[in-house]
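Thanks for coming, everyone. Please have the sequence and the 3D view open.

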Amino acid sequence: MVGAFQGAGVVVTGAGGGIGAALARRFAAEGARVVVNDLDAERAKHVADEVGGIAVAGDASAVVSGARDALDGTVDVYCANAGVAFEGIESGQALDEKAWATSWDVNVMAHVRAAHELLPDWLERGGGRFVSTVSAAGLLTMIGAAPYAVTKHGALAFAEWLSLTYRHRGVKVHAICPQGVRTDMLAATGSAGDLVLQPTAIEPEAVAEALLKGIVEDRFLILPHPEVAAYYQARAGDPDRWLTGMNRIQQQWEENR
């Protein structure tokens, strides 16, 4: 695929490390002009310098205008990768309204706001590509992390809606849904992540490779962990059996904490 995105304007949010940095490196290797966005300006600059890109620090919800200017007016690929994860709601744990609000804002509304800014130009040109880093939690769920699991479902739903609404007008949409990925976010998941995600965790570079392969094959759903497809089918085919199995994992987690 060398040069597949030669000269394309690519924006990656949350690209100061982890999956975002891997996506920035991979698109740069394909010849893209990459905008590296992160709340942490120093981390954004570090990755941008590494890939020969442009750092545009700040909130992922408001990056499109600055990124477009940095790319001389044209964004061809937008990777909505920035995300946050909080624990809750567990038995006896107080409801954290701020965690829910932040999760909704970053994991869902940042995608909505970006699409709102990007779509007029893409529809006029008849082309554009929106990549949503969702997580397998958006297809399945995640123990001990209600705000994350619920808002990732929302991110997937929005990506689906974008695809079904605009695919005939040239807008391509991809939803990346990995399980565990060896990033700072995985390290912060604690005992729940150790039980469910760590055993099959992959490197961020594997996620980037899966995305590029999915783009070549023109697939909406990108599964860096192929086994997630079977889990998703099992969930849809027999929800009660699936929930019973997940509850066993929940009980195992509670017993070992």
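Start with Val 34 and what it touches. Set aside its neighbours within four places in sequence, and Val 34 is in contact with Val 10, Val 12, Ala 24, Phe 27, Ala 28, Gly 53 and Ile 54. Keep in mind that this is a predicted model. Where does Val 34 lie? Look in strand 2, residues 33-36. Take Val 12 from that contact list. Val 34 and Val 12 are 22 residues apart in sequence, and their C-alpha atoms are 7.4 Å apart in space. Is Val 34 buried or exposed? Its relative accessibility is 2%, and buried means under 20%, so Val 34 counts as buried.

Now zoom out to the whole chain. Its secondary structure comes to 10 helices and 7 strands. Of the 257 residues, 49% count as buried. Next, contacts between residues at least 6 apart in sequence: 68% of these join residues at least 24 apart. Along the principal axes, the C-alpha atoms fill a box of roughly 55 × 40 × 35 Å. What about the radius of gyration? A compact globule with 257 residues would have one near 18 Å. The chain has 18 Å, which agrees. As for surface, the chain exposes about 12,000 Å². Carbon and sulfur atoms supply 53% of that.

On to the rings. How many aromatic pairs does the structure hold? There are 4. One of them is Tyr 78 with Phe 130. Their centres are 5.7 Å apart, with 25 degrees between the planes. Stacked means planes under 30 degrees apart, so this pair is stacked. Tyr 78 lies in strand 4, residues 77-80, and Phe 130 lies in strand 5, residues 128-133. The pair therefore ties together parts that are 52 residues apart in sequence. Both partners are buried: Tyr 78 at 2% relative accessibility, and Phe 130 at 1%.

Another pair is Trp 161 with Tyr 166. This one is edge-to-face. Trp 161 has 42% relative accessibility and counts as partly exposed. Tyr 166 is buried, with a relative accessible area of 15%.

Last stop: a charge and a ring. Find Arg 235 and Trp 242. The charged end of Arg 235 sits over the ring of Trp 242, 5.5 Å from the ring's centre.

Methods. Residues numbered from 1 in each chain as written. Predicted model: local features only at pLDDT ≥ 70, side-chain atom pairs only at ≥ 80, totals over all residues. Heavy atoms only, no water. Phe/Tyr/Trp six-rings, centres within 6.5 Å; stacked < 30°, edge-to-face > 60°. Helix = DSSP H or I, 4+ residues; strand = E, 2+ residues; numbered from the N terminus. Buried < 20%, exposed > 50% of the residue type's maximum accessible area, 1.4 Å probe, protein only. Lys NZ or Arg CZ within 6 Å of the ring centre and 35° of its normal. Contact = heavy atoms within 4.5 Å. Rg over C-alpha atoms; globule rule 2.2 N^0.38 Å. Areas by Shrake-Rupley, 256 points an atom, 1.4 Å probe, with all protein chains shown as cover.
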